[in-house]
Amino acid sequence: MATLKKRRGVWYARVLWYLEGRQKERQLPLKTKKKVVAMERLRIVNRYELDIKNGMSFTWPWISNESSVNVKRFTLIDACYKWMQKRQNYRKTTLSINNQGLFYLTDCLGKNTPLESILNTDIDRFIDYLKTKGLSDVSVNIHLRTVKSMFRYWLKRERLTKVPLIEQIAIRKNHPIYITDSEFEKIMSLDWLDDFYKRVFLFYRETGLRLREPMITSLEGSWLDVSNESKGGASRNIELSRPLRFVFMEYKKWLQFGHGSRIKDSGEHISKVFKKALKDISVPSSKHFHSLRHTFAVRQLISGTSIYDLKMLMGHSSVVTTEQYSNMNLKRVSQDFPSLVLKAKKNTKLGIMDTQLMDTSIPDNRYIA
């Protein structure tokens with residue numbers, strides 16, 4: 001039987017039970033300070049005691065505008081909203097991804113669908129829905145991770161007794177999509193491309209930074225300090241050569257003051273300029289701005305950097321992510337980066353591995369003041 005409990009002058013119905021040897025409790029507001037009224041409402045609660053212990057929720061007449069007791073459904077939109085409220089301390093980019101995935105989920109299955117009624121077939125339907133949106137398998141997997149995290153959260157909080165099967169789509173391992181030496185040289189030779197952009201592209205290739213990381217990065221001495229607000233969730237440090245330090249300071253100033261009011265998103269602007277340059281030299285459409293980060297990783301491996309050191313330089317949370325860069329065709333890499341391969345072989349014969357390429361050498365100083 002439920003009992004009365006008074007908290008701050010207001011009465012509650014207290015329901016106690018044991019599950020797998022652990023005591024469980026739910027306190028239901030009776031919305032009254034009068035004990036007589038509380039006793040009357042407690043009798044109503046006790047009619048549904050067994051259902052309450054089985055995890056059901058109800059709307060009570062003294063709380064809602066309804067005249068009778070009704071089963072309260074924990075809907076999908078309720079679950080999404082409350083889960084997101086618990087995640088407000090996460091990075092903005094993570095929250096944006098989560099919001100997008102949950103929007104797709106509610107749009108596909110319906111906002112008022114009871115959370116506990118969602119089955120494996122509904123998840124299959126959700127995957128098909130995402131594909132009709134033109135999303136890649138990688139993007140589908142990102143949204144599936146969001147949905148799975150939410151379901152597991154509510155399972156741990158006993159709003160669910162089980163979760164539907166949510167499996168990632170198998171992704172075929174691809175070779176890193178990088179910019180070859182000859183392609184980069186062609187970009188640097190474009191007459192219409194301002195030298196400022198050439199310096200910025202060179203900076204990204206030599207540091208491996210993500211597109212928007214310079215905005216949350218500071219320079220202390222010769223060290224570039226990347227904030228833990230970045231995608232990997234961990235701060236990291238990269239030592240820069242003197243020329244690259246000048247490029248970084250110039251770029252940082254441009255990001256803060258110099259890009260002009262017509263550019264609403266400076267990061268997107270830089271990406272578009274690079275894409276235009278790639279199109280102008282007729283490279284495959286699969287290559288894009290992020291390919292500069294892949295290029296950095298591949299060049300580091302060729303130069304002798306270990307996979308674990310590369311993990312730190314890239315800011316990956318797991319070495320598994322970094323290992324994708326070791327999935328390379330050696331013959332093709334030799335053709336794409338001939339000068340680096342020759343240098344690596346030469347240094348290996350001397351018993352010295354060149355692990356300082358990023359910090360000590362700049363392939364072309366023509367565009368660095």
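Buried means under 20% relative accessible area, exposed means over 50%, and partly exposed lies in between, with a 1.4 Å probe and protein chains only.

**Entry 1. The model.** I noted that this is a predicted model, where local features need pLDDT of at least 70, side-chain atom pairs count only at pLDDT 80 or more, and totals for chains, interfaces and linings use all residues. Residues are numbered from 1 along each chain as its sequence is written, and side-chain values use heavy atoms, with hydrogens and water left out.

**Entry 2. Salt bridges.** I looked for salt bridges, each being a side-chain nitrogen of Lys or Arg within 4 Å of a carboxyl oxygen of Asp or Glu. How many salt bridges does the count come to? The count is 15 salt bridges.

**Entry 3. E183 and K287.** I looked up the salt bridge between E183 and K287, and its closest N and O atoms are 2.7 Å apart. The two residues belong to distant parts of the chain, 104 residues apart: E183 is in helix α7 (residues 181-188), and K287 is in the loop between α10 (266-280) and α11 (291-302). For the helix and strand labels I used DSSP runs numbered from the N terminus (helices: H or I, at least four residues; strands: E, at least two). Are E183 and K287 buried or exposed? Both E183 and K287 are buried.

Entry 4. I looked at E206, which sits in helix α8 (residues 195-207). E206 has a relative accessible area of 1%, so it counts as buried. Its side chain also makes a polar contact with the side chain of R205, at 3.2 Å. A polar contact is a pair of N or O atoms within 3.5 Å; within protein, one must be able to donate a hydrogen and the other to accept it, and residues adjacent in sequence count only if both atoms are side-chain atoms.

**Entry 5. R14 and E25.** I found a salt bridge between the side chains of R14 and E25 (3.0 Å, N to O). This pair links distant parts of the chain, with R14 in strand β2 (residues 10-19) and E25 in strand β3 (residues 22-29), 11 residues apart. R14 is partly exposed because its relative accessibility is 26%. E25 is partly exposed because its value is 35%.

**Entry 6. E49 and K53.** E49 and K53 both lie in helix α2 (residues 49-53), four residues apart, which is about one turn of the helix. Their side chains meet in a salt bridge (2.9 Å, N to O). E49 has 12% relative accessibility, so it counts as buried, whereas K53 is partly exposed at 27%.
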